[in-house]
Structures are given as structure tokens and as C-alpha cells.
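Biologist: Could you take a close look at a single part of this model, a loop residue and what surrounds it, and then work outward to the rest of the fold? Please give the cut-off behind each term.

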Amino acid sequence: MPLTTRSETKSHGGVQGVYAHASKETGTEMVFSVFVPEHRPGQKLPVVWYLSGLTCTHANVTEKGEFRAACAEHGLIFVAPDTSPRGAGVPDDSEGSYDFGLGAGFYVDATERPYAEYYRMRSYIERELPDLIGANFPADMARQSIMGHSMGGHGALTIGLHNPERFKAVSAFAPIVSPLNCPWGEKALTGYLGPDRSKWRDYDACALIVDGARMADILVDQGEADNFLSEQLKPELLEQACAGTGIDLTLRRQPGYDHSYYFISTFMAEHLAWHAERLKA
């Protein structure tokens, strides 16, 4: 699996790198970042996946997420993929809006033309990129967890619910918990999957839980000053879906915090400590 190194920089005793490869799933070059903390020769480390939100690339969390000190403390590899395929010929939103197309892959495998050829972010995150990480980094692929923000929180929840045997922990910052019930989700899932809403349930965390998907516990932080809270995020729907299922949902409503990386970086270390506890050998 050929891998191109874009940059590698020492940080907190480890290495923060940015890498690129030719993806078979998306048919494009994909760029991602990986932080590998200092470790003994031959040592394998658990992996935390971070899925970013609308308009983001790997760079947003890499530059603003303030995760490296906690990853160094707990011995965690931190992987940050892109949010969509990119490049010449990749179809975008015809109106150029931010919430569909480039930067807005919604972690689905699209079935509608012209998006189906390129927008295969679910398969990319579930299969292709993990194979690449396992082959090129000191990663213990038996110990993985996943987290994300906003659209990436949606991705972390749905991919975690689809793969509970792989991901030992799932957390999110201000996730889109039910694309079936918000404008962002309705636009994206119509465009990528078509108008049949029954096909959308596979990409809706609340619907997956209602339909029987299970995991041990979920950690969510939600800012109460988030301007997307009532129309797009609706964390109360996740509370309702988890009630009585045996899923231990910890939903922390944080007064005064918005949707930005000021919010994410404030609670990032707590999330990583929570993941580290669940990833112990």
C-alpha cells in the first residue's frame, strides 16, 4: 500500500505526520494525519479515529484539536482522515453550498449518480484506511476507538454502531444524531442515497439503535450556546433512542460553549482519557 509522506514533525516526544495515498474506494488521492506518540521499539499502540465535520479536512483537528499531549500521556495513536474525496472530476454541490459535496461526504457510501463513483467514505473509513494504518504504523488494530465532531460525530456514532466488535469506545462533540430529522441530513442523504428514506436508516444513529444496534456506552459533549443545537443536532433524540436499551449514554451539556474548536479542544483531553480507559489491553 504505497504511502507518501507530506510532512513529519516532532511533538510531545512523538511524531505528527501528514500522509497521502491513492484510494481505491474514492478513486482519488486522500490525505490524512497521524500522531504517533513516543513508544518502545516493537510496541503496538491503540488507535483513536477522529472524524471531522462539515467543510473540514484533516488539518482542522490537527492544528486546533489540542490532542497530542493527552495522546502522549495515554499512548494513543490519533488518526484524522479527510471528510470527502477531492480532486479534478469529483462532483460537488451544483449550488456550491458547504453542506453537500466536497468537504461534506457524511461518511456514507453513495448510491446516486454522479456521487456513487467517488463518495464512498464509509468503506474508506471502515476498511481501506484501517488496512493502511495497520500496515504502516505501530498500531494495535485489536484496540481501536472512534470519535468525531458534528457531521463527524454522526460518522463516529453510525460507524461505531455498525462495528461494535472493532471500536471499543465511541464519543462525539456536538454530533448530528439523526440525519433523518434535520435539514443537513435530509439534503445530504437525499443527494447521496436517493429519496427512499428507508435507505437512510443505515446512516442515522437513532434509527440504528431503535432497529437493534448496540454498544456498551457513548460519551457526548454538547455546547448549550451552539447555534446549530435546536435545528440540526437535537441531542435529545439520542437520549430518547438510548433509553431502556442498555446503552450507557453520558450526555454532558456544556453551558456557554459553541460549535467551534474552542469547545472541542476544551474537552478533548477528557474524551481521550475516557477512550484510553476502554482501550487498555
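Modeller: Leaving aside its neighbours within four places in sequence, E25 is in contact with E117, Y118, R120, S123, Y124, R127 and E128, where contact means heavy atoms within 4.5 Å. The model is predicted: local features need pLDDT of at least 70, side-chain atom pairs count only at pLDDT 80 or more, and totals for chains, interfaces and linings use all residues. Residues are numbered from 1 along each chain as its sequence is written, and side-chain values use heavy atoms, with hydrogens and water left out.

E25 sits in the loop between β2 (14–22) and β3 (29–36). Helices (H or I, at least four residues) and strands (E, at least two) are DSSP runs numbered from the N terminus. The side chains of E25 and R120 are joined by a polar contact of 2.7 Å. Such a contact is a pair of N or O atoms within 3.5 Å; within protein, one must be able to donate a hydrogen and the other to accept it, and residues adjacent in sequence count only if both atoms are side-chain atoms. E25 counts as buried because its relative accessibility is 17%; buried means under 20% relative accessible area, exposed over 50% and partly exposed in between, with a 1.4 Å probe and protein chains only. Between the C-alpha atoms of E25 and S171, which are 146 residues apart along the chain, the separation is 26 Å.

Next, the tyrosines Y115 and Y119. Both Y115 and Y119 are buried. Rings of Phe, Tyr and Trp (its six-membered ring) pair if their centres lie within 6.5 Å, and planes under 30 degrees apart count as stacked, over 60 as edge-to-face and the rest as tilted. By this rule there are 15 aromatic pairs. For Y115 and Y119 the ring centres are 5.7 Å apart and the planes stand at 75 degrees, so this pair is edge-to-face. P114 belongs to the loop between β5 and α3 (121–136), and the peptide bond from R113 to P114 is cis, with omega near 0 degrees. Most residues other than glycine have a negative phi, and most peptide bonds are trans.

H12 is in the loop between β1 and β2 and, although not a glycine, has a positive phi of about 50 degrees. The hairpin of β1 and β2 has 2 residues between the strands. These two strands pair in the antiparallel sense over 7 bridges, pairing being assigned if DSSP finds at least two bridges between two strands. S11 stands opposite G14 in β2.

Now the sheet. An open sheet of 9 strands runs in the order β1-β2-β3-β5-β4-β6-β7-β8-β9, with mixed pairing. Its edge strands, each pairing on one side only, are β1 (4–11) and β9 (248–254). On average, neighbouring strands of this sheet are turned by 20 degrees against each other, direction ignored. Axes are lines fitted to C-alpha atoms, for helices over the stretch in contact, and angles run from 0 to 180 degrees between N-to-C directions. Strands β4 (residues 45–51) and β6 (residues 139–149) pair in the parallel sense over 6 bridges, and L51 has G148 as its bridge partner in β6. Helix α4 (residues 151–162) packs on the sheet, touching β4, β6, β7 (167–173) and β8 (217–223), and its direction makes about 140 degrees with that of β6. Helix α9 (residues 261–278) lies across β4, β5 (77–80), β6, β7, β8 and β9, at about 165 degrees to β7.

I77 lies in strand β5 and is buried, with a relative accessible area of 0%. Among the contacts of I77 beyond four places in sequence are V34, F35, V47, V48 and A139. I77 and I146 are 69 residues apart in sequence and 12 Å apart in space, C-alpha to C-alpha. F35 also forms one aromatic cluster with Y50, F67 and F78. Over the face of F67 lies R68, at 4.6 Å from the ring centre; the rule requires NZ of Lys or CZ of Arg within 6 Å of the ring centre and within 35 degrees of the ring normal.

Finally, Q222 lies in strand β8 and counts as buried at 2% relative accessibility. A polar contact of 3.2 Å joins the side chains of Q222 and D226. Residues in contact with Q222 include A174, P175, L251 and F263. A174, in the loop between β7 and α5 (183–193), has a positive phi near 45 degrees and counts as buried at 0% relative accessibility.
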